[in-house]
Amino acid sequence: MYDICIIGAGPAGISSAVYAASRGLDTVVLEEKEVGGLLGGVSTVTHYSGIIEGETGTSFAERLKKQAESYGIEIRKEKVVSAELAGDVKKITTDSGSYEAKAVIIAAGTTPKKLGIPGEAELEGHGVGMNAAKAAKEYEGRDIFVVGGADGAVKEALFLAGYAKKLTIIHFEDQLGAIPEFTEKVMRTGNIELRLHTRLAELQGDGRVEVLKLRDEHTKETETIRCDGCGVFIYAGSTPNTGLYPELDQTDGYLVTDDRQMTSIPGVFAAGDICAKQVRQAATAVADGAVAAINAAAWCRSNE
Ligand SMILES: Cc1cc2nc3c(=O)[nH]c(=O)nc-3n(C[C@H](O)[C@H](O)[C@H](O)COP(=O)(O)OP(=O)(O)OC[C@H]3O[C@@H](n4cnc5c(N)ncnc54)[C@H](O)[C@@H]3O)c2cc1C
């Protein structure tokens, strides 16, 4: 039996793991994809204290992984499929095994939303995606469209503009919802066009994107744009990965925690973007992870 089982190896999960291991706890991290989580896939990591100049999601994820390895933390590439959290011994089942632990830290983050429009699913991976860092070079010299107007979307758009012939940001509101640092850069970038109060309504193409249909939110008119294998990157928000934990208290689908990051079940903690809270950034994810692990360690000691 482990002391602590951590679900997710994003910034919150790795922070939890390092703090747990530093307290001598036998710790396992279960991660279905790669260390780094959502942040590992972004083009540039901004604002987090101590990042190196030009920090990419990949370089940040590599350093998270190295830090975990330096503590000898066991990270297993497995997808958690169910959790029995109520008893003194917590049981976590994955697609290839099962684990018992005295305490659990759920750091499973969120999943990017789809738009749910015609053509989106068929063209995913064939012109439609959200991993700008990996896909940018494929669209060098072509037209690129970014859907979304929040910080993450606009940051990725600025990165992609360095590759695009023309980059169009499609956002349904009348203004971008990003911070001035990013919107001012947008205004200074010659090849970015803004399509505000506009929604992407449909995509068409055979193995590549050939037609975009845009709907104006004010006039309700639809415009057809033709392109020759352009890139469409979608950043339309995200939903919390809380479906496996219906017995835990939730607000709008996010896990409710107290100031120790403990959920409504004793011995079960949560950290990072999966939690009900106001700010979702790397800084707040790692802070949650530290608080959760320190309190999970105290929980394990008090239940020995
Ligand atoms: C486009 C974009 C750009 C961003 N840029 C920045 C930035 O520059 N700076 C910044 O501070 N923040 C940024 N953010 C926000 C930042 O990415 C998140 O706040 C941060 O990643 C949250 O970390 P987390 O560990 O809570 O969750 P996540 O990073 O989402 O990690 C959760 C992990 O859990 C795993 N997981 C989920 N379910 C299971 C399961 N059932 N079994 C096993 N593993 C599972 C996932 O695979 C994932 O690896 C950005 C977000 C986006 C969308």
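Guide: What follows looks at the ligand and its surroundings, and then turns to the cysteines.

This is a predicted model, in which local features need pLDDT of at least 70 and side-chain atom pairs count only at pLDDT 80 or more, while totals for chains, interfaces and linings use all residues. Residues are numbered from 1 along each chain as its sequence is written, and side-chain values use heavy atoms, with hydrogens and water left out.

Around the ligand stand 34 residues, of which the closest are Glu31, Thr46, Val80, Asp273 and Ala282; a residue is counted here if one of its heavy atoms lies within 4 Å of the ligand. By kind, the residues of this shell divide into 13 nonpolar, eleven polar and ten charged, where Ala, Val, Leu, Ile, Met, Phe, Trp, Tyr, Cys and Pro count as nonpolar, Asp, Glu, Lys and Arg as charged, and the others, Gly among them, as polar.

Some polar contacts, meaning pairs of N or O atoms within 3.5 Å, can be followed one by one. Glu31 brings a polar side-chain atom to 2.6 Å from an oxygen atom of the ligand, whereas Leu38 has a backbone N or O atom 2.9 Å from an oxygen atom of the ligand. At Ala282, a polar backbone atom is 2.8 Å from an oxygen atom of the ligand. Taken alone, the ligand exposes 1000 Å², and the protein buries 91% of that, with areas from the Shrake-Rupley method and a 1.4 Å probe. The elements that give two or more residues to the shell are α1 (11-22), α5 (151-161) and α7 (282-302), and among these α5 gives the most, with three residues; helices here are DSSP runs (H or I, at least four residues), numbered from the N terminus.

As for the cysteines, a search of the whole structure finds one disulfide, a term used for a pair of cysteine sulfur atoms within 2.5 Å. Cys227 and Cys230 form this disulfide, with their sulfur atoms 2.1 Å apart, and the link is left-handed, with -45° about the S-S bond. Cys227 is buried at a relative accessible area of 12%, and Cys230 is buried at 2%, buried meaning under 20% relative accessible area with a 1.4 Å probe and protein chains only. Cys275, by contrast, is in no disulfide, and the nearest cysteine sulfur, that of Cys5, is 16 Å away. The sulfur of Cys300 is 11 Å from the closest cysteine sulfur, in Cys5, which is too far for a bond.

Notes. Buried < 20%, exposed > 50% of the residue type's maximum accessible area, 1.4 Å probe, protein only. Polar contact = N/O pair within 3.5 Å; in protein donor to acceptor, adjacent residues only side chain to side chain.
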